[in-house]
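This report covers side-chain packing and ring contacts.

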Amino acid sequence: MTPDPIESKEKVRKTTDIRSTETSKLQKPDQDAILNGATQIVETLSTDFTFRHKIVWRNVIAYVIFHILGFVGIYIGLTFRANPLTTIFAVGVYVIGALGVTVGAHRYFTHKAYKATTATRRVLMLLFILNGQNSLWEWVRDHRQHHKYSDTDADPHNASRGFIFSHIGWLLSRKHPLVIKYGKDIDMSDLEADSWIMFQKKNFLLIYAFISVFLPCIFPILLWNEHPIVSLFVIYFGRTAASLNATWLINSLAHISGMRPYDKNLLPAQNQFVSFFGLGEGWHNYHHTFPWDYRTAELNTPFNFSTTVIDFCAKRGWIYDLKFCKEESMKRRIERTGDNSHPKYGNPEEFKVEEETHMCGFHHLPPGETYCEGCYTLEYAAAYGVVSFFLPLLTPPP
């Protein structure tokens with residue numbers, strides 16, 4: 001699953017017909033991709049909108065309660081009911097934890113977009129644990145599967161099923177059988193060869209409780225005498241709820257809203273809002289077109305703090321052998337598959353925003369359908385969660 005250097009290999013995304021009701025089809029090989037040494041995925045899958053996911057109500061209740069606590073924590077921090085230093089510290093932990101996801105789990109451990117020293121690998125793994133997004137092994141497995149079968153029924157958070165499902169619904173329901181089936185074939189040998197990663201996988205809850213809960217919360221208590229409960233709510237619940245939703249927006253909003261200058265056939269889009277909160281992860285049409293590029297965007301693209309950090313580490317030798325897409329290769333791809341919205345290589349006269357004619361709220365539908373039966377239970381669960389999330393507004397903490 002490890003990409004080869006840019007000079008010899010280019011890992012290229014497949015094109016998926018997200019509105020097809022077929023369960024599978026064959027796709028002709030991408031000739032440009034083959035010339036660049038790409039690993040071609042021949043079989044593609046789509047979305048069966050008649051499939052109904054089974055709700056896991058234990059997860060629904062757990063996430064509702066956690067988001068209520070998270071909202072209270074954010075409320076306390078933003079209304080100065082906590083020491084301002086506690087709120088600033090929470091934001092700091094949010095940022096370094098997010099870098100554990102963006103720089104570490106995503107660009108390094110999943111896509112191998114660069115190489116790193118042993119010490120850097122360990123630091124990135126520890127920073128990732130701050131976010132509470134399962135073990136590193138599970139995160140990478142899910143994300144590699146997401147790219148291999150993006151926005152199909154084999155994608156863990158298939159955005160073809162809409163905003164709600166791809167944002168949080170996939171965590172509130174049983175996995176689609178195809179997710180389980182194809183997930184077994186994802187190559188994880190590189191991570192399984194790392195004893196630290198496998199130790200973290202085996203002892204995830206204990207390590208998470210110490211690194212993500214105890215350590216961050218104890219600092220405000222010891223350093224400026226913050227109340228333990230306030231520290232717990234602001235530093236853990238509030239910060240973690242914000243971190244989770246920022247990451248989920250990459251799976252949901254960045255797959256729905258925005259332009260597609262690099263490949264109009266892909267659901268992922270360029271989303272500046274998501275990039276701001278996701279530290280550069282919202283330039284998603286570029287990323288899914290060139291997933292091995294360490295920048296996940298073109299050079300000098302705004303709101304890409306993660307790339308700035310990688311460049312900083314590279315100058316100090318902590319990171320090296322960075323992979324990126326050459327200008328000429330990017331230009332050819334834009335001219336061949338882009339939607340003409342690219343400011344330099346697009347054609348403004350031919351660019352137009354395509355109307356989504358087969359939608360149910362946020363749900364993509366096959367032609368002729370008016371409601372997505374496969375997601376109605378998730379809508380119900382999400383509605384319940386939203387109502388519960390805003391309950392603290394009615395009874396703000398003293």
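F109 touches G104, R121, L124, M125, L136, V140, R144, D190, L191 and I197, leaving aside residues up to four places away in sequence; contact means heavy atoms within 4.5 Å. This is a predicted model, in which local features need pLDDT of at least 70, side-chain atom pairs count only at pLDDT 80 or more, and totals for chains, interfaces and linings use all residues. Residues are numbered from 1 along each chain as its sequence is written, and side-chain values use heavy atoms, without hydrogens and water.

F109 is among the residues with the most contacts inside the largest nonpolar core, which has 31 residues. Such a core is a set of buried Ala, Val, Leu, Ile, Met, Phe, Trp, Tyr and Cys residues joined through side-chain atoms within 4.5 Å; buried means under 20% relative accessible area with a 1.4 Å probe, protein chains only.

The whole structure holds 22 aromatic pairs. Rings of Phe, Tyr and Trp (its six-membered ring) pair if their centres lie within 6.5 Å; planes under 30 degrees apart count as stacked, over 60 as edge-to-face and the rest as tilted. Two of these pairs are tabulated.

| Pair | Centre distance | Plane angle | Class |
|---|---|---|---|
| F128 and W139 | 6.3 Å | 80° | edge-to-face |
| F204 and Y208 | 5.6 Å | 15° | stacked |

F128 counts as buried at 1% relative accessibility, and W139 at 13%. F204 and Y208 are both buried as well. Ring pairs link F204 and Y208 into a cluster with F66, F233, Y236 and F237.

Definitions and conventions
Buried means under 20% relative accessible area, exposed over 50%, partly exposed in between (1.4 Å probe, protein chains only).
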